[in-house]
Amino acid sequence: MAWIQINATVEEALAEPLSDAFMAVGACSVTFEDAKDQPIFEPELGTTPIWSLTRVVGLFDAETDTQAVLTGLGDLITDIAADQYKIEALEDKDWVRAWMDQFKPMRFGERLWIVPSWHTPPEPDAVNLKLDPGMAFGTGTHPTTSLCLAWLDQHPPTGLKVIDYGCGSGILALAAQKLGAASVKGTDIDPQAIQASQQNAERNSAVIDFALVAEFISEPVDLLIANILAGPLQTLAPEFTRLLKPHGTLVLSGLLTTQAEELIAFYRQQGYEFLHQQDLDDWSRLSFQKLA
């Protein structure tokens with residue numbers, strides 16, 4: 001199916017109103033893009049990143065009357081002149097196939113592989129997780145997820161009880177179980193993440209208890225992994241301490257390398273021994289041992 005997209009670069013205050021206007025005039029979807037190379041490393045939880053200059057892009061069927069769309073947008077958003085909008089035709093191709101072709105099997109450490117369901121595992125005898133990219137965060141492509149997977153490969157949790165806190169797609173919980181954990185639980189604040197995690201567990205014939213944070217119940221465990229953001233990693237420290245056994249291991253990621261020193265000092269004050277830091281690109285993974 002052929003498509004066209006109409007976009008305009010606007011200041012932050014107009015991004016959301018323009019998005020609403022695009023939907024009002026019949027856009028199939030609307031996306032925000034950074035128009036000024038202004039990275040947002042840690043947006044507030046539950047928010048949509050909006051830059052000081054944001055490119056707002058509306059996607060329309062190729063048969064759409066673009067002049068009618070522009071007229072409608074002009075009626076709804078008077079602060080944007082007609083010549084600020086750009087209209088682009090998109091190539092008519094198999095978008096599903098193009099999307100699938102982006103994702104290849106990936107290896108983490110020595111024996112752990114993440115394999116999209118449409119691929120044959122490159123090493124059938126390795127530890128292979130079947131995982132399809134979806135709406136929930138965590139497919140192994142982000143440095144923080146990669147760092148956590150590599151840690152699990154290097155420190156297989158054989159016989160341990162494990163919690164994946166902020167499970168996203170369930171990838172870390174699945175890896176922990178495949179690497180020999182005695183039991184694994186996962187939790188997240190996003191219902192979509194819980195649904196995606198449960199689907200991925202079924203795809204891998206894994207029995208893992210996933211639940212929303214508000215409904216999550218667990219006895220203390222040997223290992224807790226949290227791949228979230230630096231702010232919540234501090235806020236959740238009392239909960240992590242409650243969920244960990246004495247001398248249990250805590251693995252934290254989702255933080256920028258520039259935030260590592262502060263987080264290490266913070267957790268030392270909470271009664272943890274700092275063990276190791278591993279960096280990848282601009283991101284870090286930290287590991288600790290609970291002292292009591």
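Visitor: Does threonine 187 count as buried or exposed?
Guide: In this model, which is predicted, threonine 187 lies in strand S9, residues 183-188. Its relative accessibility is 0%, and a residue under 20% is classed as buried. Threonine 187 therefore counts as buried.

Visitor: Which backbone oxygen does the side chain of threonine 187 reach?
Guide: The side chain of threonine 187 has a polar atom 3.2 Å from the backbone nitrogen of valine 213, and the contacts of threonine 187 beyond four places in sequence include Ala211, Leu212 and Val213. The backbone oxygen that the side chain reaches, at 2.8 Å, is that of alanine 211.

Visitor: How are helix H4 and helix H5 oriented, parallel or antiparallel?
Guide: Two packed helices are described by the angle between their axes and the distance between the axes. The axes of H4, residues 143-154, and H5, residues 171-178, come within 10 Å and cross at roughly 10°. Angles under 35 degrees count as roughly parallel, and that makes the orientation of H4 to H5 roughly parallel.

Visitor: How many nonpolar residues does the contact of H4 with H5 have?
Guide: From H4, the residues that meet H5 are Thr145, Cys148, Leu149 and Leu152, and on the side of H5 they are Ile171, Leu172, Ala175 and Ala176. Sorted by class, the contact has no charged residues and one polar residue, and the number of nonpolar residues is seven.

Visitor: How many of the eight residues of H5 are buried?
Guide: The buried residues in H5 are Ile171, Leu172, Ala173, Leu174, Ala175 and Ala176. H5 is accordingly described as mostly covered, and the number of its eight residues that are buried is six.

Visitor: How far apart in space are alanine 176 and proline 156?
Guide: Alanine 176 has its place in helix H5 and is buried, with a relative accessible area of 0%. Apart from neighbours within four places in sequence, alanine 176 is in contact with Leu152, Pro157, Val162, Ala181 and Val184. Alanine 176 and proline 156 are 20 residues apart in sequence, and their C-alpha to C-alpha separation in space is 7.2 Å.

Visitor: Which side chain is joined to that of glutamine 5 by a polar contact?
Guide: Glutamine 5 lies in strand S1, residues 3-11, and counts as buried because its relative accessibility is 19%, where the class requires a value under 20%. Leaving out residues up to four places away in sequence, glutamine 5 touches Val57, Gly58, Lys86, Ile87, Glu88 and Leu90. The polar contact between side chains, at 2.7 Å, joins glutamine 5 to glutamate 88.

Visitor: How far apart in space are arginine 55 and threonine 9?
Guide: Arginine 55 is placed in strand S3, residues 53-61, and with a relative accessibility of 27% it counts as partly exposed. Although arginine 55 and threonine 9 are 46 residues apart in sequence, their distance in space, C-alpha to C-alpha, is 4.2 Å.

Visitor: Where is serine 205, a residue other than glycine with a positive phi, found in the chain?
Guide: The phi of serine 205 is near 55°, and at 70% relative accessibility serine 205 counts as exposed. As for its place, serine 205 lies in the loop between helix H6, 191-203, and strand S10, 209-212.

Visitor: What is the phi of histidine 247?
Guide: Histidine 247 is found in strand S12, residues 244-256. The phi of histidine 247 is positive although the residue is not a glycine, with a value of about 70°.

Visitor: What percentage of the residues in the protein chain is buried?
Guide: The protein chain has nine helices and 14 strands, and it exposes about 14,700 Å², of which carbon and sulfur atoms supply 51%. Among contacts with a separation of 6 or more, residues 24 or more positions apart account for 63%. Of the 292 residues in the chain, the buried share is 44%.

Note on methods
Residues numbered from 1 in each chain as written. Predicted model: local features only at pLDDT ≥ 70, side-chain atom pairs only at ≥ 80, totals over all residues. Heavy atoms only, no water. Axes fitted to C-alpha atoms, helices over the stretch in contact; angles between N-to-C directions. Helix = DSSP H or I, 4+ residues; strand = E, 2+ residues; numbered from the N terminus. Parallel < 35°, antiparallel > 145°, perpendicular 65-115°, else oblique. Contact = heavy atoms within 4.5 Å. Nonpolar A, V, L, I, M, F, W, Y, C, P; charged D, E, K, R; others polar. Buried < 20%, exposed > 50% of the residue type's maximum accessible area, 1.4 Å probe, protein only. Areas by Shrake-Rupley, 256 points an atom, 1.4 Å probe, with all protein chains shown as cover. Polar contact = N/O pair within 3.5 Å; in protein donor to acceptor, adjacent residues only side chain to side chain.
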